[in-house]
Structures are given as structure tokens and as C-alpha cells.
Amino acid sequence: MDGSQSWVAETIAEPDFIQAGDSDELLAIRLYEATQLGRKYVVVAYREISDTDGFILTVIQGYFILKTVFSVSRPNLQNRSA
């Protein structure tokens, strides 16, 4: 993930969508059309402690198709800083 730290922050701040995980975590998912290796999804699994605090569990980059089972609406997401 060298040089990809900005992708992580951007994925959390402005995801294409957020999916609820199985253990109270959230998955921020964003598609990057142009990377060195072509199209790539970035998935950041994180947990929120409060409206302004949380932590990242793991980050996945890959070429895969995602099927949304349950999405979480986060209208205040645009107001959060990464």
C-alpha cells in the first residue's frame, strides 16, 4: 500500500457507499478508476466510537465485485474530516 494512505483517508471521507459489517464495524467502499494497475476498489473496515472518533481495523485493495446486502445511510459523512 505504498503511497496509498491518501486513498484510505479519501475512502473514509467520501465513500461510494458504506456497508454494515458482521461485528458492528462499517465498510467504507470506493472505486478508483485509474491506478497504476487499472480499476481498483478500496475497502476500509473501521469502527466508530463516537460521531467524531473511531479507528481503522484493516484496509483491502482489490479487483472484485461487491454485492451490497445492507447499506448504512450516513448523511453527516460529508462533514467529517479524515
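View 1. A search of the whole structure, which is a predicted model, turns up 1 aromatic pair. (Rings of Phe, Tyr and Trp, the last by its six-membered ring, pair if their centres lie within 6.5 Å; planes under 30 degrees apart count as stacked, over 60 as edge-to-face and the rest as tilted.) The ring centres of W7 and Y32 are 5.0 Å apart and the planes meet at 20°, so this pair is stacked. W7 belongs to helix α1 (residues 5-13) and Y32 to strand β2 (residues 26-32), so the pair ties together parts 25 residues apart in sequence. Both W7 and Y32 are buried (buried means under 20% relative accessible area, exposed over 50%, partly exposed in between, with a 1.4 Å probe and protein chains only).

**View 2. S4, in the segment before α1.** Is S4 buried or exposed? With 6% relative accessibility, S4 counts as buried. From C-alpha to C-alpha, S4 and V42 are 9.7 Å apart in space, while 38 residues separate them in sequence.

**View 3. A nonpolar patch on the surface, made by I49, F55 and L57.** Together these residues have about 280 Å² of accessible area, a value from the Shrake-Rupley method with a 1.4 Å probe, where for residues only the protein chains shown count as cover. (Patch residues have over 30% relative accessible area and no salt bridge; like charges are joined within 9 Å, nonpolar side chains, namely Val, Leu, Ile, Met, Phe, Trp and Tyr, within 5 Å. A salt bridge is a side-chain nitrogen of Lys or Arg within 4 Å of a carboxyl oxygen of Asp or Glu.) Look for I49 in the loop between β3 (40-48) and β4 (54-62); I49 is exposed, at 57% relative accessible area.

**View 4. The chain, with 1 helix and 4 strands.** From the N terminus on, the elements run α-β-β-β-β (helices, H or I of at least four residues, and strands, E of at least two, are DSSP runs numbered from the N terminus). Of the 82 residues, 33% are buried.

**View 5. Residues 77-82, where pLDDT is below 50.** The chain averages a pLDDT of 77, and 72% of the residues score at least 70 (pLDDT is the predictor's confidence in each residue, from 0 to 100). Where pLDDT is low, the predicted coordinates should not be read in detail.

**Notes.** Residues are numbered from 1 along each chain as its sequence is written, and side-chain values use heavy atoms, leaving out hydrogens and water. In this predicted model, local features need pLDDT of at least 70 and side-chain atom pairs count only at pLDDT 80 or more, while totals for chains, interfaces and linings use all residues.

Methods. Contact = heavy atoms within 4.5 Å.
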